[in-house]
Amino acid sequence: MSKEISNPENWLTDHGDYLFRYAQSRLRNEEQASDMVQETLLAAWRGWARFSGKSSVRTWLVGILKHKITDLIRKEIRNRRLTEAVESDPTSSLFNADGSWVEAPTSWKENPEDLCESDQFQKILHGCIGKLPEKQQVVFRMREITGEDSESVCKAAEITSTHLHVLIHRARLALRTCLDHHWFGGNRHS
Amino acid sequence: MNHFCKEASKLQSDEFERELTLSERFRLRIHLLICGACSNYADNLKHLNSFFHGLRKQTEEDENITLPESDRKRIQEALKKASDSNS
């Protein structure tokens with residue numbers, strides 16, 4: 001393997017911005033994102049002997065970064081000692097006793113790509129996510145903002161997959177209702 | 001009459017998390033054929049899913065987002081220290 005490839009300072013030059021963007025897209029916190037880049041490059045330096053050369057250096061670095069991000073979130077979850085007590089179940093208010101919708105969902109016209117461009121929508125979205133009970137919020141963020149798969153989220157949050165599915169389901173229901181009221185269905189409610 | 005909507009909403013969310021069993025899939029598909037509200041819910045969930053996917057991709061590809069210079073220097077020093085102590 002050539003010396004250039006195995007020089008961590010070159011990794012910083014060649015992949016630093018990319019790794020930072022990746023971390024930032026998942027964490028939405030600049031300070032944490034740049035810490036993750038540092039930890040990833042240091043770990044890569046220590047583990048260089050294990051790099052097989054089968055994938056590109058960038059793919060290998062991103063793999064390490066993903067692990068670091070999951071670890072970080074796991075630590076945060078442990079520190080906050082999220083409790084079950086505050087979990088609310090929106091299904092009781094969204095469904096009638098016979099299992100039908102209290103308020104039937106309507107279709108959303110706006111294109112998801114256009115919504116990504118809208119700062120106003122993102123503000124409302126983050127407001128809606130912020131209103132979720134804490135545990136739902138954490139697993140939902142990991143799943144949708146960080147983009148982890150179900151298995152990693154369960155490991156990080158130390159919960160069973162059945163429990164995760166319930167939390168995510170509740171979060172989706174509540175979020176859909178909140179977005180419908182504050183964005184998509186705005187006109188219907190005025 | 002008992003409605004399947006409440007259960008259907010759980011199955012629809014689960015479908016993003018795990019593979020549904022054959023009978024779950026069957027019941028859900030049949031229900032979606034006859035229930036407009038649940039079909040809309042399915043669309044809403046797909047909408048959210050592609051929105052979040054787009055959002056991650058957008059930040060990942062936004063070349064205006066770069067590692068702040070002060071952090072870059074700090075990382076460079078940390079790497080130098082690590083490689084010096086190793087050689």
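Me: Hi! How many residues apart are Asp14(B) and Lys10(B) in helix H1 of chain B?
Reply: They sit four residues apart in that helix, so about one helical turn separates them. Helices here are DSSP runs of H or I with at least four residues, and strands are E runs of at least two, numbered from the N terminus. This is a predicted model: local features need pLDDT of at least 70, side-chain atom pairs count only at pLDDT 80 or more, and totals for chains, interfaces and linings use all residues. Residues are numbered from 1 along each chain as its sequence is written, chains are lettered from A in the order written, and side-chain values use heavy atoms, without hydrogens and water.

Me: What do the side chains of Asp14(B) and Lys10(B) meet in?
Reply: A salt bridge, 2.9 Å from N to O. The term means a side-chain nitrogen of Lys or Arg within 4 Å of a carboxyl oxygen of Asp or Glu.

Me: Is Asp14(B) buried or exposed?
Reply: Buried, at 2% relative accessibility, while Lys10(B) counts as partly exposed at 23%. Buried is under 20% relative accessible area, exposed over 50%, partly exposed in between (1.4 Å probe, protein chains only).

Me: New topic: how many salt bridges over all chains?
Reply: The structure holds 15. One of them joins Arg172(A) and Glu144(A) at 3.2 Å, N to O. Arg172(A) lies in helix H9 (residues 161-184) and Glu144(A) in helix H7 (residues 134-145) of chain A, so the pair ties together parts 28 residues apart in sequence.

Me: And which salt bridge has Glu17(B) in it?
Reply: Glu17(B) pairs with Arg172(A) at 2.9 Å, N to O. Glu17(B) counts as buried at 10% relative accessibility, and Arg172(A) does at 4%.
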